[in-house]
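Me: I am new to this structure. Please walk me through its contacts, bonds and rings.

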Amino acid sequence: MTDATQDAAPTRSRGRRIARALGATAAALVVAAAGTGAWYYQRLDRNITTFAPEGIASSRPPVATPAPTGGRPVNVLLLGSDTREDGNNSLGGGDEGVGHSDTAILLHVYADHKHAVGVSIPRDTLVTVPPCLLPNGTWTKERANQMFNSAFTVGEFENGNPACTQNTVETLTGLRVDHTLVVDFKGFAAITSAVGGVDVCVPNDVNSYGIHLAKGRQTVSGQQAVDYVRARHGIGDNSDIGRMLRQQAFMSSLIKKVQEKGFDLSTLLPLADAATKSLTVDPELGSPYKLAEFAQSLQDIQLSDIQFVTLPWRFQGERVAVVEPDASILWGLLRQDRTLDGRSTGTGAGTGAVPGASPSPGASPSATGGAPATASASASASASASASGGADASGQTDRALLDVPVTVHNAAKSGGLAGRTALGLRGNGYTDITIGADTPARRTTLIEYAPSRRAAAERLAQLYPGAELRSAADADGIVLTLGQDRALTNAPDAGAGTGGTASPDALPSSIPSGIADNTRPADTDLCNDLSFG
C-alpha cells in the first residue's frame, strides 16, 4: 500500500468497525458519563476509529453563526453501513464487501440545544456527488445523477468513504456538517443489547429475505433489532421510503430508552464500550473526551422536542428524485436555525412563523391583512386578551381556546393543504388537530363550531381572514374546511430578491407538502405511520 493510500484510508485504533447510524445518537449520549478512570479512558480510546481528514472538501459551507445567547447550531451526519465484512455477514447475510450507506440521517441540533430535527435522506436519491478522494491520492470528477448511497463506496476503501458522503451532504444541503458518525450491523446490535432492548411495533408478520418478525408491539435487541431496521420486503410497498419511517420510529424509541434508563454505571459502562467499539467518527470526535463533550451538549433535548422528516421526494423510475422547491425550503429553514414550521427556537436568527401560514396566536388582525369579514367584535377581544395571556370576552382563557379539538378538511383541491395547515396550527399552539377526508370543492374557507365553542371559533378565524363562521349543533369542537381562497393565499412567496427571484433562504408563505407530509414527531405512537404505500 502506498503512503498516499495509507494516509487516505480510514485509520483504526482497534479492529475494523465501520458504522450504522441508528445507534449513533444514543451511543454519543452515553459516552458522556463514562470517565471512570484512566484505565477505562484508555480502553475507550483504543476502541474509537476515526477517518482521515484529507478527504474532507476544502471548500465548504460556513460554520453556523452563534445565537445571541451563545449557543450554536450543530449538524451531525449519522450513517449506517451495510458492509458484510468483519463478521457483519452473520447479521446481515450476503457477501463480504465495502457496503453502502443505506441509512443516512442529518441531525440538526438547534442553537438552544433543546430542539432537534433529523432529516432522513433516501438511499436511492439522485444527487450530485462532488469530487472525492481516491486511495491513490487523486480526486474524482463531479458526477451528477448518482444514487446517494454510492458516495460511501467511492474509492472502495476498506472501511468505506465517510468523507465523500459528508462532502455530498454539504453539496446537497448547503449546511456545514460539524460531525459524522458511522456504525455497522455488529455495533448496532451491541448497542441495542447494551440498553436492554428497544420497544418497536411491527405492522404485520414478516417472513422474507431471511428476516422473520412477528406482528405487534415487542422489545428487540441484537439480531432482531438489526432485522427490524433492515426489513423492507413484506411491509407496505416494499420501498426504502417505508423502511425509513420504521427507522425513524426505532431511533425515537432508542432515545427514549436511553433517557429512561438514566446514566448509572451499570448501564453506562457496557453501553459506552459497545458504542465506542462500533463507531467510526470524524477527527473532531476522535477521543472519549470529545465524544463526552458532544454528548453533554445533547442531554437537554426531550423526545417531544425532536422531529424527523424525510427529504422531500418523488419516485423517478426505480430511483428517487428531490422535490423542489420543497427541499430548498427545508434546507433554508435549517440554515436559519428555524423549526419546520418556520419558527425560531428563541435563540436563533429571527422570530415569528412561516409568513402566510398563519400568524402567531394573539396576533392583531392587521397582521393578516384585516379582521375576518364574518368575525364578530369578540374575536378582536379574544386576540387582545391572548396577547397578554388573559381571558376573552366570554371569560375563557387563551389556552382553553387553543386546546379545542379542530378537524381540518381540504375542499381546495390542492394536494397536501390539510397537512400543511395542521402543521401550521400546531406551530401556533393548537394541540388537538385531526386531518379529515377531502370534501367537495368550495371557494371560501368555512369554520363550523359547536355553540359552546363560539369564542374558540372566533379565535381561529383570526388566522383565516375572510373565513365564514357558522354555528352547527352537531359539530364536535371546530371543523375547519379549507376553501380555494386558502390555496391561493398559501402560494409560495416570490421572496425578497430582485425581479421576483427568491433568495436561497427566503421563507415560504406556507409549509410545503413535501415537508408537512413527510414529518414524524419523535413522540409519535410506535404503531403509527410505519409504512408507505
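Me: Leaving aside neighbours within four places in sequence, which residues is Ile515 in contact with?
Reply: This is a predicted model, where local features need pLDDT of at least 70, side-chain atom pairs count only at pLDDT 80 or more, and totals for chains, interfaces and linings use all residues. Residues are numbered from 1 along each chain as its sequence is written, and side-chain values use heavy atoms, with hydrogens and water left out. Contact means heavy atoms within 4.5 Å. With neighbours within four places in sequence set aside, the partners of Ile515 are Val309, Pro312, Asp326, Ile329, Leu330, Leu333 and Leu340.

Me: Which residues have the most contacts inside the largest nonpolar core?
Reply: A nonpolar core is a set of buried Ala, Val, Leu, Ile, Met, Phe, Trp, Tyr and Cys residues joined through side-chain atoms within 4.5 Å. Buried means under 20% relative accessible area, exposed over 50%, and partly exposed in between (1.4 Å probe, protein chains only). The largest core has 33 residues, and those with the most contacts inside it are Trp331 and Ile515.

Me: Which element gives the most to this core?
Reply: Helices (H or I, at least four residues) and strands (E, at least two) are DSSP runs, numbered from the N terminus. The element that gives the most, with six residues, is H11.

Me: How many residues are in the second, separate core?
Reply: Leu417, Ala422, Tyr449 and Ala461 are included in this second core. Its residue count is 26.

Me: How many disulfides does the count come to?
Reply: A disulfide is counted when a pair of cysteine sulfur atoms lies within 2.5 Å. Cys132 and Cys164 form one, with sulfur atoms 2.2 Å apart. Cys201 and Cys527 form another, at 2.0 Å. The count comes to two.

Me: How many residues apart are Cys132 and Cys164?
Reply: Cys132 sits in the loop between strand E6 (126-129) and strand E7 (143-147). Cys164 belongs to helix H5 (residues 162-173). The pair links distant parts of the chain, 32 residues apart.

Me: What is the handedness of the disulfide of Cys201 and Cys527?
Reply: Cys201 lies in strand E9 (residues 198-202) and Cys527 in the segment after strand E22 (519-521), so the pair ties together parts 326 residues apart in sequence. The torsion about the S-S bond is about 100°, so the disulfide is right-handed.

Me: What kind of pair do the rings of Tyr228 and Phe250 make?
Reply: Rings of Phe, Tyr and Trp (its six-membered ring) pair if their centres lie within 6.5 Å; planes under 30 degrees apart count as stacked, over 60 as edge-to-face and the rest as tilted. The structure holds three aromatic pairs. Tyr228 and Phe250 have ring centres 5.9 Å apart and planes at 35°, so the pair is tilted.

Me: What is the angle between the planes of Trp313 and Phe315?
Reply: Trp313 is buried, with a relative accessible area of 14%. Phe315, at 40% relative accessibility, counts as partly exposed. Their ring centres are 4.8 Å apart, and the pair is edge-to-face, with the planes at 75°.
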